[in-house]
Amino acid sequence: MSLELLSFQMRKIRANHARVRAGAWPGSVRIRFTPGRRNPGITIPAPGGGWDLTGCTAIDLDVRNLGVREGAIVCQAGPHPWTDGIAVLAPGARATVRVLLKRQAWPPELRKRFPGMNGAPGDFVWLWDTPDPARVPSLVLYAVAEAAPREIEISRLRAVRVHALPEPDPLGPAIFPLADAYGQYRHREWPGKIHADRDLREAGRREAADLRRFPGPARRTRWGGWAAGPRLEATGHFRTAKVTGRWWLVDPAGALFWSHGITCVNTRESTRVRDRERFFEALPRRGPLAAFGNRDSFDFHGANLRRKYGAGWLAAARSLAHRRLRSWGLNTIANWSDAAIASMRRTPYCATVRYSGRRNAGGFPDMADAACRGALRAGCRELAKTTANDPWCIGWFIDNELSWPKVPDLARLADTYYRVCRDEMKAVAPCKLYLGSRIHMHYWPFEGEPEVVRAAARWCDVVSFNRYRFTAADLRLLPGDDKPIIVGEWHFGALDRGMLHTGLRSVGTQAQRGDTYAFYMRGALANPAIVGAHWFQYHDQCLTGRFDAENYQIGFLDICDTPYPETIAAARAAGYDLYRFRSGSRRK
């Protein structure tokens, strides 16, 4: 629902490696980008220093690609890169870029009403580093460097409210309960919403037909490697190799392998109930579904699997996960997944070392402390019992998104950390790849701590980054460092299927989510250093929030185990042609 067109002055637009001129009608602007520049674009200042968008939830902007090649256009609110949106446009195509106005500060009464939720009714979406909607200073628009069109036209810059009334007032009594018996939002309808148990079973039948239609890519090894490609030495374990200037993983049979994966492949997703009972329309108190909850929490995902597949739901869901991944063009069970699913030895997987030990206030492990190193050693020995000799295990992650201390000798600290982790791991699992710590530098190599990246490149077999951006094409190590890279996490979400938060990166619709997935994968596959990308995560988080308040629309499946067809179609398009994209070969 459009609320108002946003005014701006053409003569005050600032260009960065771009030329600007008036478009064909009032309020439209044509932008010609300078080839070969990083993220060329423009800044549109707000009159008077800022637009007051207090009552709005997004900025929409129509974009048309006037060039002869595909283009990706990103918009963000002022200098806040975490409030942005994207459109991927074929030549001549039109699209709307939606810049969701995430909020770092909520009205106190709203935060009090919806504890444990990062997204709340009324399209209040919390995230760090976001603008004050009462004074948005500008709109920044740029072309993604590796996919910059020659020229675009923009028009109808406007402030909108994503979901219009009559949705209940978030501060009124009618908003409760929020969630229905299946854990879905009660106050909206959307395609595929479940209203009765028979809908779950019917969705299962439709998916079974889809899986029969798409059994998985052809010409693959049993591990998902490139059966039609070059064969290297078979070692019985995954390893790395550089072939004709590109890094690859190599599967146990010696075939080249690129890891197209998904995290959190499991059967559970719980939300807090205690002190929030009014959030829920119906929680089972007796019968088989009661086993999925207690006074403190309820597992909606598991309960819906029980409703859908009956008494044998757990075995059915675990087996189905492997069949789904192959059908969807995925070949890796990535981090945070259920060991019982990974150990079925039907899909390659990554493992995670779990350990305690002394850590600083920011959670950084002190490897100079004997107790911390001992805890790491014990964690490695425990994981080695099940994975060290398992050919289906690609490698190990140790830690995740560490907060590196601000110390004078960060290079020495980072070197010690990665060296110790490698030593303890290789002592018990010498044939497994050390995949690093999933570095938390989303804008690397343009910002971040080079000392950390250099140390990781020295000691890791594969350097892992969590890369919540719209592209991975520009991800690289420091000059002189030559190691493969894996993307440990990435995702996008939208608000058009009943969820209240998009996740860390936002798109306007599920169709755009599919387009952006395909665009990200093309960039990752074209990057000669990247050997894999792992989407976060298998299914949506709970509407009412998980343990840390995340309630993101980031799954291939919703909370009712129903697939998102647009994202799956994009994953299939990338996954079925994975090795052609990666190698440039006509062979698949």
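Reader: In which strand does Thr352 lie?

Author: This is a predicted model, in which local features need pLDDT of at least 70 and side-chain atom pairs count only at pLDDT 80 or more, while totals for chains, interfaces and linings use all residues. Residues are numbered from 1 along each chain as its sequence is written, and side-chain values use heavy atoms, with hydrogens and water left out. Strands are DSSP runs of E with at least two residues, and helices are runs of H or I with at least four, numbered from the N terminus. Thr352 falls in the run 349-353, strand β21.

Reader: Is Thr352 buried or exposed?

Author: Buried means under 20% relative accessible area, exposed means over 50%, and partly exposed is in between (1.4 Å probe, protein chains only). Thr352 has 16% relative accessibility, so it counts as buried.

Reader: Which residues does Thr352 touch, not counting residues up to four places away in sequence?

Author: Contact means heavy atoms within 4.5 Å. With residues up to four places away in sequence left out, the contacts of Thr352 are Asn335, Trp336, Leu383 and Phe397.

Reader: Which residues have the most contacts inside the largest nonpolar core?

Author: A nonpolar core is a set of buried Ala, Val, Leu, Ile, Met, Phe, Trp, Tyr and Cys residues joined through side-chain atoms within 4.5 Å. In soluble globular proteins, nonpolar side chains tend to be buried together. Tyr417 touches residues including Phe364, Ile398, Leu402 and Tyr434. The largest core has 110 residues, and those with the most contacts inside it are Trp396, Tyr417 and Tyr418.

Reader: What length does helix α2 reach from its first C-alpha to its last?

Author: The expected span of a helix is 1.5 Å times one less than its number of residues. For the 17 residues of α2 (197-213), the expected span is 24 Å, and the model is close to this at 25 Å.

Reader: Within what arc do the buried residues of α2 fall?

Author: The buried residues are Leu200, Ala203, Gly204, Glu207 and Leu211. Taking directions from the helix axis to the C-beta atoms, these residues line one face of α2 because they fall within an arc of 105°.

Reader: Which helices do the buried residues of α2 pack against?

Author: The face turned away from the buried side of α2 carries the exposed residues Arg198, Arg212 and Arg213. The buried residues pack against α3 (300-309), α4 (313-327) and α10 (565-576).

Reader: How many residues apart are Lys242 and Asp482?

Author: Lys242 and Asp482 form a salt bridge, with 2.9 Å between the closest N and O atoms. The pair links distant parts of the chain: Lys242 is in strand β14 (residues 239-243) and Asp482 in the loop between β24 (463-466) and β25 (485-489), a sequence separation of 240 residues.

Reader: Is Asp415 buried or exposed?

Author: Asp415 meets Arg458 in a salt bridge of 2.5 Å, N to O. Arg458 is in helix α8 (residues 450-459), and Asp415 is in helix α7 (residues 410-428). Arg458 is partly exposed at 46%. Asp415 has 19% relative accessibility, so it counts as buried.

Methods. Salt bridge = Lys/Arg side-chain N within 4 Å of Asp/Glu carboxyl O.
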